[in-house]
Amino acid sequence: TLTNPELSDHTEKSASLYDQACEVIPGGVTANIKYFKPHPLVMERGEKSHLFDVDGNEYIDYLLCYGALILGHGHHSVFEAVQNQMTQAGTTIFGTPHRLEIEMANKLIDLYPGIEMVRYTNSGLEATQLALRIASAYTGKSKVAKFEGHYHGGYDQVLLSVNPDESKAGLDAAPNAVPESSGISDHHVKNTLILPFNNINATEKLLREHAKDLSAVIIEPVQGGFIPAKQSFLNGLRKVTEELGILLIFDEVKTGFRLGLGGAQEIYNIKPDLTALGKVLGGGFPVGAVGGKKEIMMISASNKGRDILTAGANNNHKNEVLFHSGTYNGHPTVLAAGLATIHVLEQGSMMKDLISKTESLRSQLESLYASKNIPMKTVGIGSIFNILFTKSAIENYRDMKHADRNLREKIDYELLKLGIYTKPLNRYSMSVVHTDEDILATVHAHEKAIERVVE
Ligand code: PLP
């Protein structure tokens, strides 16, 4: 049944392509989250802040490939950098060391307070996975701790309690580890400790209880890219992890280059032991990176690095080398796109303008909903925010249950018909190329959506 007949009236080609996809791709999508009812929209072209689907419908894009496209679609600097790189290199990839790996590493070391050395991966998932392996190898301990509601990629060790069912989630101060997929082994359920975000007392208590087994705490300093950690919470977490010999890993796959150029660690003035990056770093191409303290990162070194490593005091695995590999790691074309993206963001007041544009959209939307007496708040920081239909404080995953998801979903479907693209219930990401006209059109579309849904 079509929940959204008007939309489907104008998306026949999307519907038909989706049917074809379902014949050859399970569920018709290449990531489960890309599906929505009655069928996802099949896109054909992007231009700056806009997307065009196969039926010719135009949308202002707030999904931006889940935040990756901070320069919007088809930015000339990225296109030129990619073309120049391939022309000069005469190839897409060498499969050997090359200059851009060093250039990007130096850039990350300059920008991120916690980064002294860098390794590359092909996705954010691989970056957090490598960070956890480094932590385990370095500390000689095998358990990890993560926070309820936090996403670090879809692999077994951390695909727990991202969006748990209330009936299984356990106590506020000591959440259960709830698998988010079938097929996750019990081993990971037993070896992953779930912590309550923004609750330092409960977090500290759990960490002290499990300290002897814990290699690392991994955290999104801004949950889902939009619920900020309290400064006192992060300060407390840094202090207690240091005291207990547990490494602190900031997953900045979403927050990297989005809160500011130096991510959450710059804004909060906290040095994590390890940092995972992705998304914006690849300028729209697949990428990830792990950076961190030299002493810790050196555990992944081989050859000469290994000799240096064996002299290190804290290494419990002196005779073992940590395995890290990947055919496409440090892909030159990808790093050229990423460096071009960072260079654009470094120009003038680019980041400041992006953030104030985001704040302007947020405050206009809040005023609009307030004028209609609909309890709504935007929650976010930097260039990402979410819309929640509640007036309650939102400090963690459980608080989000107070929001009216039903209303949000209805509004989102109307917005799709009105040419505002974000996947229903998703957060909003902004780009440097969103214009004042886009913002005005977005606020108008919300006004119309409210009329259709509520009035
Ligand atoms: N970590 C965070 C905070 C993310 O938001 C994501 C993706 O959304 C990932 C890790 C995984 O990154 P990727 O999708 O590139 O594997």
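Predicted model: local features only at pLDDT ≥ 70, side-chain atom pairs only at ≥ 80, totals over all residues.

Now take helix 8. It spans residues 231–244. That makes 14 residues. From its first C-alpha to its last, helix 8 reaches 20 Å, close to the 20 Å expected at 1.5 Å a residue.

Which residues of helix 8 are buried? They are Phe233, Leu234, Leu237 and Thr241. Look down the axis of helix 8: these buried residues fall within an arc of 95°, so they line one face of the helix. The face turned away from that buried side carries exposed residues, namely Gln231, Ser232 and Glu243.

What covers the buried residues of helix 8? The cover includes two helices, helix 7 (200–210) and helix 9 (263–268). It also includes two strands, strand 9 (214–219) and strand 12 (247–251).

Next, the two ends. Is Lys230 buried, exposed or partly exposed? Lys230 has 14 other C-beta atoms within 10 Å, so it is partly exposed. Lys230 and Ala174 are 56 residues apart along the chain, and their C-alpha atoms are separated by 19 Å. At the other end, helix 8 is followed by Gly245. The phi of Gly245 is positive, near 70°.

Go on to strand 12, part of the cover over helix 8. Phe257 is found in the loop between strand 12 and helix 9. Phe257 has a positive phi, near 65°, and is a residue other than glycine. Phe257 is buried because 25 other C-beta atoms lie within 10 Å.

Ser161 is not a glycine, yet its phi is positive, about 50°. It has 25 C-beta neighbours inside 10 Å, so Ser161 counts as buried.

Now step out to the ligand. Its surroundings hold 13 residues, and the closest are Ser123, Gly124, Leu125, Gly153 and Val253. Which helix gives the largest share of this shell? Helix 5 (residues 124–139) does, with three residues. Sorted by class, the shell has six polar, four nonpolar and three charged residues.

The chain is divided into domain 1 (5–74 + 349–453) and domain 2 (76–346). Helix 8, at residues 231–244, falls within the range of domain 2. The C-alpha centres of the two domains lie 27 Å apart. Their contact takes 24 residues from domain 1 and 29 residues from domain 2. On the side of domain 1 that touches domain 2, the elements giving two or more residues are helix 13 (350–371), strand 15 (377–381) and strand 16 (384–388). That side of domain 1 has 13 nonpolar, seven polar and four charged residues.

Key. Residues numbered from 1 in each chain as written. Near = placed C-beta within 6 Å. Helix = DSSP H or I, 4+ residues; strand = E, 2+ residues; numbered from the N terminus. Nonpolar A, V, L, I, M, F, W, Y, C, P; charged D, E, K, R; others polar. Expected span 1.5 Å × (residues − 1). Buried ≥ 20, exposed ≤ 12 C-beta atoms within 10 Å, placed from the backbone. Arc of directions from axis to C-beta. Contact = placed C-beta atoms within 7 Å. Domains from an automatic or database assignment.
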